[in-house]
Amino acid sequence: MGSIEIPPTGIRISIDRGGTFTDCVACVPGQPDILVKLLSVDPQNYNDAPAEAIRRVLEKVTGRPYPKGEKISLQGVESIKMGTTVGTNALLERKGERTALVITKGLKDLLHIGNQSRPKLFDLAINKPDVLYSKVVEVAERVTLEAWTECKNPQQIDITSDPALVQGITGEIVRIIEPLDIEAAQKSLQEIYDEGFRSIAVCLMHSYTYRDHETALRSLAAEIGFPHISISADLSPMIKIVPRGHSSTADAYLTPELKRYIAGFESGFKDLRTSGCRCEFMQSDGGLVEFSSLSGLRSILSGPAGGVVGYARTSYDNIEKTPIIGFDMGGTSTDVSRFGGVFEQIFETTTAGVIVQSPQLDINTVAAGGGSILTWDSGMFRVGPESASAHPGPACYRKGGPLTVTDANLVLGRLIPERFPKIFGPNEDLPLDQDASRKLFEELTIEINKSVDVHLTLEEVATGFLDVANETMCRPIRILTEAKGHDIRLHNLASFGGAGGQHACYISKALGIGRVLIHKYSSVLSAYGMSLADVVHEERSPSALVYSEEDTAIYAEKLDSLQSKATQQLLRQGIPKSRVFSERYLNMRFTGSDMSLMIQQNSKIGFLSAFKAAHQKQFGFLPVGRNVIIDDYRVRSVGHSTIDLPAPWSIELASLKTVTTPNPTSCNDVYFSSGGWVSSPTFDLHTLTPGDRIAGPALIIDDKQTIVVIPESTATILSEMVIIDIGASSKDALSTIKVDPIQLSIFGHRFMGVAEQMGRALQKTSVSTNIKERLDFSCTVFSPDGGLVANAPHVPAMIGSMAFAVRWQINYWGDNLKAGDVILTNSPICGGTHLPDLTVITPIFDEAGEQIIFWTASRGHHADIGGILPGSMPPNSTTLSEEGAVIKSFKVVEGGVFKEEKLIDLLMAPQHIDGCSGTRCLSDNISDIKAQVAANHKGSQLIHGLINNYGLEVVQFYMEEIQAAAEVAVRDMLRTVYSRTSGEPLYATDYMDDGTPIQLKVSIDPQTGGAIFDFNGTGTQVNGNWNAPIAITNSSIIFALRCMVAKDIPLNQGAIRPITVLVSEGCLLQPSEEAAVCAGNVLTSQRIVDVIFLAFEVAAASQGCMNNLTFGSDDPDEGFGYYETICGGSGAGPTWVGTSGVHTNMTNTRITDPEILERRYPVILRQFCLREGSAGKGMHDGGEGIIRDIEFCLPMKTSILSERRAFAPYGLQGGGDGQRGENKWIKKNGRVIGLGGKSTVAMNKGDRIVVKSPGGRGLG
């Protein structure tokens, strides 16, 4: 071939390689920008999409051919900046490098167990994402921390007194319990190398502060020849071994795959490293890095990060400083984010089931996009989360696909088929098939109209689905703003992504946002954002120092050192020093909390003042008498982009002296709910000029997107931007006689959104580990009569039971409540579960303050409420008074005044009972009760916001109809069961470990779809504490019904309406007022659910227990308490195997990270792994239980409350039993003592408790 002419110099190319399409924007001096869009995978035409995009750019620039298959010269190309989903896709599809995990002995299954929670609360088939490693190597080594932070009077430690003591990087004193066995480790590493492993992740306990053992293992692995070694302390030098372990395995799993891709990309060029072209990749934190330095861990949000940088640089106005909501709507999902002048980052998140500890832009993803599937289910419109993907794609793609959001936009005229390329059908040569979309909508409309009282047209059905899709996308935006204290109305909305323009006006209108900003490159903004991004390098170092103003020089010295390292990295990449600046941070938190805040150094105020101001703003309070801890130092050095942006759009908009009304290129019929079919002018974006103003309704189209300008809105064209001002419009009054299924679906989202925001508010403002970190709480909304309307998916045991508490208070107080009153209760006879679960109930009054129109309530598990033992969960209690403070009904807030003095009297009252103590955590109790009050208040505000938007009558009408929809779904399910069982009653009996039976007979009425759950035959209340108040039985039933419906219905009072519950007074499930009940909520509730599932034969038994472990001290000077629940195996089902090491049934609380556990308390976690062989066998096996072995470093009281130690979890259809649980006390001298299911012992230093949880039962 002849030589290729050298192109002009200064070409800047930016590329976003997405999962489906690759977008490219090229800036060429003296020429218009070049945009290229092509399929990311098209092996028949090219090997690599980004290289092909560059080839096409250079052909356009030079006007000469660049033959395919030949290496490309980059002469004249100044820069290539890329974002890629290679790492993300490998993570999602689990197609990364075969990886081995090297971890501390005893913790081989730690990453599998994770925080022990299940992803979806109501799924019988628990599907936890697969771990990334293929093999685990346990190495003999162990270190722990010598001091513990819950110690009230810490002593100075002399490290010279013991050769096993060393000082860690954080300043903490580390005890080397067992040095690394070099010889054994080398042998193990050689074995996995010989098996073919070439990538390993190394993660050892406390390596964030003591790195010697990880460093030694890296040297051994390098000598053996491993090409890729991911060291957890290098990648994520922060406490918490679980996310650090996940991060290191993610890096080991993804980086080799990414390196292969980069090598393949580089091979397409003659001179990538020698031409002078800067090639950089986008990282998840919004910064660029030199291409050969990109790691898998830092690339996971590479593509979306480009979009955030794109709208931040183009849409945020430094003059007006109006914050921006980023709205990136694609084919399968929508990403939302916020920019208020600085990039908002998070440092721990979960992606594809993997907990990642790495700086990332705060991007929230919702499963709603153009390809989201539309369904009609249980009287409600549903959008997603399933997607039609690219294959088969939407119905209009001519591949037999389902109805999707894209089809709805098409049949409503919001997409013009003629403007799409003919790339559809089997041969990819046909246009969009509008008839296919209409046919499926016609069929669905007929189906819907058979089920509802109103008659809907096809267009109303399609519009309804889009309204629901829009509300689905509004929910994460509300969380991003309102839940963090930002007024959503004071933002602009920056819309981008292929589908964004069709929905942006509707999203803005629904949220009360007045202005939409759409950049000229909005359809390829992620690619364009790459060109505007800065080069970034970060350095971090962990710490555990208590902040003191006297030590600021120490902090400055550490930050100076990190800044020097980070700056040198940028200088080595050829970035001029004049373009480099550094941001310096301390990651700070209060003692006793894991909620840290990253505080940037500010010349105006010090770190401590800045931290307190940020804490007050985000959490709404400042703890009293607590030190501030520095968790780590961070320096982010930035090499500024050299690209000059045009003047802010606001200046151009203000300078427009005249506006013109352009002529449309055509008119198209578009359907709008406000006016039906409207002939709407349609404009080609490339023909419009600055100053053109277009009144809605209208369509603005280019070759990559369609922008819908809704009625009563106006679009103004600027040089770089389309500005759409959303006009205020009157809302049509909603009927309170006939149910609109569209509004029903929308209200379902709105009520759930209220409960979710209440939950977020409670988690933020609480101080205790149980609520803030273990998430042992629930927040709910109730109707005026106390019926459950909506709850956030928190702890099942709390959800269904709170209605009893609310209704008891309604009956008790009658008309004697006023606005500003808030009630506190925990008594089991008043709808409580057990005493540590304190319930705060707030009546919501109308504007006149006369009538209660709703209730909000929050229930949280408090660490202590008094009684005979720390933790208020005594295994040996026989009366309620031994379990702590009993509060039937107390106005904790009266007329807006918090009654703290009286509250203290109530919480300390147990100290007047022989053998009992008042609460041991008074300060935390008070703080968390205040947090619950605040969460309820947040819910009240949001409910009033709904009423302001729709009116009280409408809101209450749909409140009732939401419950009716759940009722219909349950009745339909029960009718199906009746048919399957030929109408025969369902029976089941199971036994508590003491032999007390739980007996159930279910009789279904096929006419009404109702059922009687008859528990007569259940044993009498016991002289123990596993008695279960009636509220728990109710909660267990509602949870089991929601699981068996197997549809995404709202969980509310309607789900229990079809059920009549028969329980004899004085039995285990309805004990007397003075009966001890602390274990009923955590043990008996699990067994009730198992009995229901057995009667319906839907699943084999799960572990049937929560394995409640408490330990602590009553010492007046050093008293402390700790509580945890421990996971086990889940039962198998007709189409699934059980899951190992997971919480089941009535709980889903998290477990404390091992490193946090050992930092806070004087214990050593010797073993935490799966219990091999504990699962029941069958056609489908059950899940394995776990082994948890804790050694105590000081004398303390330890209690275990557990079940399934005598009666094994039952099998189904011939499946084998799961193994029973075991609890053992292993004394320091080696003596082993069985503890039974329920016991309290005084442990000595060096003693251990070993909990072996039950396995799930098999099926078939």
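With which residues is Phe 1013 in contact, leaving aside its neighbours within four places in sequence?

Reply: This is a predicted model, in which local features need pLDDT of at least 70 and side-chain atom pairs count only at pLDDT 80 or more, while totals for chains, interfaces and linings use all residues. Residues are numbered from 1 along each chain as its sequence is written, and side-chain values use heavy atoms, with hydrogens and water left out.

Beyond its neighbours within four places in sequence, Phe 1013 is in contact (heavy atoms within 4.5 Å) with Leu 1000, Lys 1001, Val 1002, Ile 1037, Leu 1041, Ile 1059, Thr 1060, Val 1061, Leu 1062, Ile 1092 and Phe 1096. Phe 1013 also belongs to the largest nonpolar core, which has 84 residues. Such a core is a set of buried Ala, Val, Leu, Ile, Met, Phe, Trp, Tyr and Cys residues joined through side-chain atoms within 4.5 Å; buried means under 20% relative accessible area, exposed over 50% and partly exposed in between, with a 1.4 Å probe and protein chains only. Phe 1013 is listed among the residues with the most contacts inside this core, together with Phe 1015, Leu 1041, Leu 1069, Ile 1092 and Phe 1096. Helix α25, residues 1080-1096, supplies the largest share of the core, 10 residues; helices are DSSP runs of H or I, at least four residues long, numbered from the N terminus. Apart from this core lies another, of 66 residues, including Ala 368, Ala 462, Leu 466 and Val 709. In soluble globular proteins, nonpolar side chains tend to be buried together.

Note on methods. Helices (H or I, at least four residues) and strands (E, at least two) are DSSP runs, numbered from the N terminus.
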